[in-house]
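Colleague: I'd like a close look at one part of this model. Could you walk me through it?

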Amino acid sequence: MLTKQTVEDLKKYNLSTLYQLLRDTKDNRETLFILENLGHLPVGFDGDSLLHLLPNSSDQIRLWVVKTLGKLKNLKYLDVLFNVAQSDINSMVRREAVSSIGRMRTEDAIDSLIELLDDSDPKVVLQAIRGLLVFKRKSQVDIALRKLRRHPNEIIQSVISKEFSINGNHREAKQVPHPLSPDFMKNVVVLGDVRDVLKCVPDEAIHLTFTSPPYYNARDYSIYESYEVYLDFLTEVFREVHRVTKEGRFFILNTSPVIVPRVSRAHSSKRYPIPFDIHPRLTKMGWEFIDDIVWAKPETSVKNRNAGFLQHRKPLGYKPNPVTEYLMVYRKKTDKLLDWNIHQYAHETVQHSKVKDGYATSNLWQIDPTFDRVHSAVFPIELCNRVISYYSFLGDLVFDPFGGSGTLGRAAENLERHFFLTEKEERYFERIRQDLGRESLFRQPARFLSLEDFQKLASQSS
Ligand SMILES: C[S@@+](CC[C@H](N)C(=O)[O-])C[C@H]1O[C@@H](n2cnc3c(N)ncnc32)[C@H](O)[C@@H]1O
């Protein structure tokens with residue numbers, strides 16, 4: 001029986017027997033075992049001993065042959081590998097062949113790699129790009145790669161735009177350092193329409209936004225002409241939020257489908273899937289989708305829609321009680337990795353911002369809703385605590401464009417972050433003042449400003 005040791009010994013002391021074994025064995029399992037255990041190849045290993053296996057019916061065997069030929073980095077096999085890259089029936093084998101060509105790191109492979117940029121498998125194209133990036137400075141390569149910036153595949157587009165700093169990705173230095181935010185916005189609550197307020201907020205001023213927008217026609221404060229107008233309104237606000245968010249930072253949107261009750265018995269009620277309808281608009285404006293977190297409430301705390309069905313039990317009339325809401329997590333699109341964001345902070349800040357034990361490990365967050373005597377739809381503070389501690393650092397500026405009763409501000413205060421809130425209804429603005437207007441030894445005093453006062457402050461500090 002063939003063992004790893006036998007393959008190792010043959011490789012070291014008796015290569016010709018190894019070649020013969022590869023040639024003569026009819027057992028695919030044995031062939032695969034040898035190939036998988038070849039490991040580091042001895043000097044002078046003859047790749048020709050493997051070529052007869054390239055038409056083998058086993059994908060795994062062909063894959064290992066290609067891998068092994070790749071290890072030889074011998075230009076002699078360029079054409080063979082190119083042929084496999086173009087014509088093998090298995091796309092894993094084709095990708096491995098491109099990777100093997102790339103690993104040769106020879107200018108002689110440039111033409112073949114450029115030809116493979118036209119492949120229909122995006123992963124083949126990405127391997128070819130990887131191989132070509134070694135010769136990025138050569139004009140032939142540069143021209144071929146730049147052409148891919150309009151490639152239909154988004155990952156290819158993003159690799160190319162990062163490599164060639166397309167789309168103005170070179171704007172770092174112009175802003176204040178990443179951990180800092182404008183002083184005039186720290187612990188500020190503005191009474192006004194968020195769209196007016198944001199007009200005087202500078203670009204990239206905010207570290208994190210967490211918000212629950214007004215519902216569509218579900219409560220008294222939210223009357224819109226139509227669903228389209230409502231979505232357009234949110235789009236306008238979130239586009240501005242995108243502008244004022246720092247590079248690579250997060251936006252967490254709490255929404256759920258809403259029901260607009262039926263006009264009369266002759267009509268049916270209508271359900272609007274807000275999270276799903278707003279999502280494509282967000283990604284289009286430059287928010288990258290990161291996660292969906294589900295906030296689950298106890299069934300006893302939500303409105304019962306089940307009563308009718310409970311009686312009649314007729315199919316089609318089933319109506320589950322909606323106990324969940326979404327927290328959709330987005331990141332301002334950037335080529336930078338999260339590590340870049342983290343490295344902008346002092347080591348000490350990162351250490352002190354570390355998330356404590358007992359954090360939520362899954363995307364299902366079971367949290368009881370909170371009821372407020374003034375506001376009819378408030379965040380439970382636990383929801384804000386989690387979002388702030390998982391998605392911001394100490395000293396950051398967190399924003400809620402639809403401040404409501406100011407729960408996000410209270411959580412920010414407790415967690416040693418700064419808050420910036422906007423709210424258009426005076427009674428809710430006053431509700432925020434009740435909690436955040438108190439003096440605190442631990443933070444800069446909160447300021448409660450009219451739109452005009454905020455505009456003045458913003459213009460003084462620009
Ligand atoms: C769902 S509530 C937010 C509640 C908040 N998360 C809390 O914990 O109290 C939405 C809030 O957005 C406010 N709002 C609606 N349109 C607004 C606008 N254009 N500008 C600022 N605030 C607005 C409403 O008055 C309402 O208080």
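Colleague: With which strand does strand 1 pair in the parallel sense over four bridges?

Modeller: Quick ground rules: this is a predicted model, where local features need pLDDT of at least 70, side-chain atom pairs count only at pLDDT 80 or more, and totals for chains, interfaces and linings use all residues. Numbering starts from 1 along each chain as its sequence is written.

Now your strand. Strand 1 pairs with strand 10 (residues 418-423), parallel, over four bridges. Strands here are DSSP runs of E, at least two residues, and helices are runs of H or I, at least four, numbered from the N terminus; two strands pair if DSSP finds at least two bridges between them. Within that pairing, V190 sits opposite T422 of strand 10. Strand 1 also runs parallel to strand 11 (residues 447-450), again joined by four bridges, and there L191 has S450 as its bridge partner.

What about the side chains? In a regular strand they alternate between the two faces of the sheet. Here V188 and V190 point one way from strand 1, V189 and L191 point the other way, and all are buried. Buried means 20 or more other C-beta atoms within 10 Å of a residue's own, exposed means 12 or fewer, and partly exposed lies in between, with C-beta atoms placed from the backbone.

N187 counts as buried because it has 21 C-beta neighbours inside 10 Å. Its phi is near 55 degrees, a positive value in a residue other than glycine.
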